[in-house]
Amino acid sequence: MLRYILKRLLMMIPVLVGVVVVVFTINYFTSISPAAVICGSMATDEQIAAKEQELGLDKPYLVQIGTYFFNIITKGTLGDSYIYKTPVLDMIASRLPNTIRIGLCASVLSAMIGIPLGILAAVKQNSSLDYASTFLAILTGAIPSFCLCLLLQLLFAMKLHWFPISGVKTWQSYILPIVSVALMPVAMTMRMTRSAMLEAIRQDYVRTARAKGLPEKTVIWNHTLKNALIPIITVIGMNIGISLTGSIIVETIFNIPGLGFLMNSSISQKDFITTQGCVLVAAFIMTFMTLLTDLVYAVVDPRIKSQYTKGKKAGKKSKLIKGGDAA
Amino acid sequence: MKLKKSLALLLACVMAMALAACSSDSSGSNAVSGDSATGGEESKTLRIGMDTEPTSMNPVLSTSGGGAVVNNAIYGCLWDITCDGAYNYNLAESYEYTTEDNTEMVIHLRDTSWDDGTPVTADDVLFSFQYYINGANAYHVMNIDFDKSYAKDDQTVVLELTQASSTFTEDLALLQIISKDLYDEGGDDAVGLTPKCSGAYTLAQWSTGETIVLEKNTNWWNADQLTYDRIEISCVTEETTRMLEFESGEYDIVYLTGKDNIEKLNNGEVSGAHVQYGDIQCITYVSLNTIDFDTFQDINVRKAIAYGVDWQTIVESICGDGYAMATSPLFPAANWAYKDEGVYEYNLDQAKQYLADAGYGEGEFSFTMRIADEDFNAEIAEAMQACLAEVGINMEVSVGDSATVKEENRSNTIQCGISKNMGANDPAGVINARMSSAKPNLTKFGDETIQNLLDEACTSTADQATRTELFYELQDKAWDYCSTFPLYESKVTFGAVDSLADFSNAIDASSGYLHLNDLVE
């Protein structure tokens, strides 16, 4: 298992390298020079050229990208922001906690709403409960996030004064952003849970469990849900990854200084080095979440766990066979 | 069962931990600490909602509007110049030119100090001007010969200029004075993160993404005249959110650009608040590139465009409150140089005749308008397209993001576009900014007579009356040249609580930024 984990961690490296190369290449070949943006509209061509030299932007593509990777590996730095003149890593580190707080809480909340709704819809298939829960879930998924954020602000902040309108001054400030981020994936979680449960509920072992006289609750939770967990975990893992990389819209509307907000502002300010850093961090989070999801599969499903350790056991088995043959 | 319980427990723990991590050390609600402008006794606090966060407190390297507002408050300049040409001296008490050709200036500094009590000296002033060479505002100090300029004593600066410039005092008015000692100790970072303040306020607190807090600088020479002890600036990019915060009473002043929000305030939909306008901040134009493209060389073609578009109706119907029809082809200048040329009269038949005189039949003449997706550009372009179609001119509209279009502008690849001219208290400053080699050809005139007149206007050091005549002649000629069509004047706009007195004088006419030390209750 450990070997599997190490192997997967090593596999993350080419993925991250690929992401950096793609983003770097796009930035490099855009017509806009960050130096021109930094120097301002009144700058002369000579000033812009001097700034490009200072930032290393006049060097060839391979040299620039090589220097970028070299700095990451040897100095552990993602460069300095062209606009803020501070290390990109520091800027991301100061903002990431806000995004993680919102992302984690939103993911838990969406799972807490989506899974029970999905189970209910599957168990009471084609009933009014099924239709109602499906409708509710799709409704939350269909509302555009910027619309949802504004509606929540108007109702709960402006009208009812239950929560602050924006910012992150107190714990109450996080509630509306968390709800905004959580409601979107509820539909996907609910639909996947319902679908997986319906498939599992039709299996013979469920019929057997009922025939044995087990309480319905036990049948649903212990037999059906357990076997339906794999696709649900996939969706939840994906949602967590997406939530943790920051919702640009939610963070902008609620003025949350998070990763999404930083990415958005760095793109509009043509601060490409910061954009690159944000994308790299976001890619790392997504690939790490994929790995965690795969590991959770192993926890939930012993069959999958045995596959991860299969290599070791297969090796032992083949040795035994060879030994037998030799004998 | 066990698994279910374990999972539920795990989820609850994760949420609890995350929420616990959310709590900050500030107690209570979003309410601002201290007394606000709307009612306070001993310590007066003003709360402002801005749109952009400062990128740095270093005025040389700062690139954002939010930074300019804060830098104007924490750093002193030598003086400010009003629209009417009056000088409000700040760190300087006076200046004079000591040579007939105005190439030597002597500045007498006030006896004032930084926020730590150390004196502001002539060395700081000279250093600051030299430091500005590194930044985007380098052109303001280009004329200074630093080898020959010197500090005569702690309170006297002697500046030698390579050539006289009528806008030099205005150039200096825009430059904040930075501590030489601080820079020597810590370089750009020290100036940007832990500035020494010579302005009305000091920087008490600033973390990226959080409220900026300024406190009264008791060492400032005019500290007794300040109304507010503390200023809290929140930077909220999204205007809708900013407006909601203002409506709920979180701000006393909020920066506004949205037409809807301005109308809302003007209609009295927000009780206890009103719109505060500054002076004309900029004028927006449609410009034809008569230098890089042959398309518009024929005056008849340009006149066909000038008289074939109903400019007044377009501006009135598309722009709303806060935008008046612009009537000068050059600049939102100082009051003493601005000439009202009126509006190009919409005359379809005349426009068609001009097009025919240029040798084009219906649909034979076409060009492309390249605009940035901002302000009212798209709607204006669409309206122009419709008007010109009736004249028989095909105008293609190409829309891009601001940075891309700006870059194309710099490369002089745009045939026709919409551009802005920011204000300045001296019109030569605007002309210089508009006509310098760094500026795109879109805003220049491909006519030698006008160009010579521009050069003369920019370098003239004659008295105001003579210069007024010069600028009037310039505007007449530019008007007749028909390559720049004024659209609308914009005034910087704020929402303000009713308890605040009119603060139009605290809004910088050229940049639109707030001078926080001029705000009164």
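These questions and answers set values from a predicted model against the definitions behind them.

The model is predicted, so local features need pLDDT of at least 70, side-chain atom pairs count only at pLDDT 80 or more, and totals for chains, interfaces and linings use all residues. Residues are numbered from 1 along each chain as its sequence is written, chains are lettered from A and ligands numbered from 1 in the order in which they are written, and side-chain values use heavy atoms, with hydrogens and water left out.

Q: How do you know which residues of H12(A) and H13(A) meet?
A: Contact means heavy atoms within 4.5 Å. On the H12(A) side, A:Leu259, A:Leu262, A:Met263, A:Ser266 and A:Ile267 take part. They meet A:Thr274, A:Thr275, A:Cys278, A:Val279, A:Val281 and A:Ala282 of H13(A). By class, this contact has eight nonpolar, three polar and no charged residues. Ala, Val, Leu, Ile, Met, Phe, Trp, Tyr, Cys and Pro count as nonpolar, Asp, Glu, Lys and Arg as charged, and the others, Gly among them, as polar.

Q: What describes the packing of H12 and H13 of chain A?
A: Two packed helices are described by the angle between their axes and the distance between the axes. Here H12 covers residues 259–268 and H13 residues 272–300. Their axes come within 8 Å and cross at roughly 145°. Axes are lines fitted to C-alpha atoms, for helices over the stretch in contact, and angles run from 0 to 180 degrees between N-to-C directions. Helices (H or I, at least four residues) and strands (E, at least two) are DSSP runs, numbered from the N terminus.

Q: Is A:Cys278 buried or exposed, and what makes it so?
A: Buried means under 20% relative accessible area, exposed over 50%, partly exposed in between (1.4 Å probe, protein chains only). A:Cys278 has a relative accessible area of 0%, so it is buried. B:Cys319 is at 5% and therefore counts as buried.

Q: Is A:Asn126 buried or exposed?
A: A:Asn126 is at 51% relative accessibility, so it counts as exposed. This residue is found in the loop between helix H5 (88–123) and helix H6 (128–142) of chain A.

Q: What makes the phi of A:Asn126 worth a note?
A: Most residues other than glycine have a negative phi, and most peptide bonds are trans. A:Asn126 is not glycine, and its phi is positive, near 65°. B:Asn102 also has a positive phi, about 55°. B:Asn102 sits in the loop between strand E4 (92–97) and strand E5 (104–109) of chain B. Just after H12(B), B:Asn412 takes a positive phi of about 60°.

Q: How do you know whether A:Gly114 is buried or exposed?
A: A:Gly114 has 0% relative accessibility, so it counts as buried. It lies in helix H5 of chain A. Neighbours within four places in sequence aside, A:Gly114 is in contact with A:Val186, A:Thr189, A:Met190 and A:Thr193.

Q: Is A:Thr134 buried or exposed?
A: A:Thr134 has a relative accessible area of 13%, so it is buried. A:Thr134 is found in helix H6 of chain A. Beyond neighbours within four places in sequence, A:Thr134 is in contact with A:Met190, A:Arg191 and A:Arg194.

Q: What covers the buried residues of H12(B)?
A: The cover includes helix H2 (34–39) of chain A, with strand E14 (365–372) and strand E15 (393–400) of chain B. The buried residues in H12(B), residues 402–410, are B:Ala403, B:Thr404, B:Val405, B:Glu407 and B:Asn409.

Q: How many residues of chain B are there, and what share is buried?
A: Chain B has 521 residues, and buried residues make up 55% of them. Its secondary structure comes to 15 helices and 17 strands.
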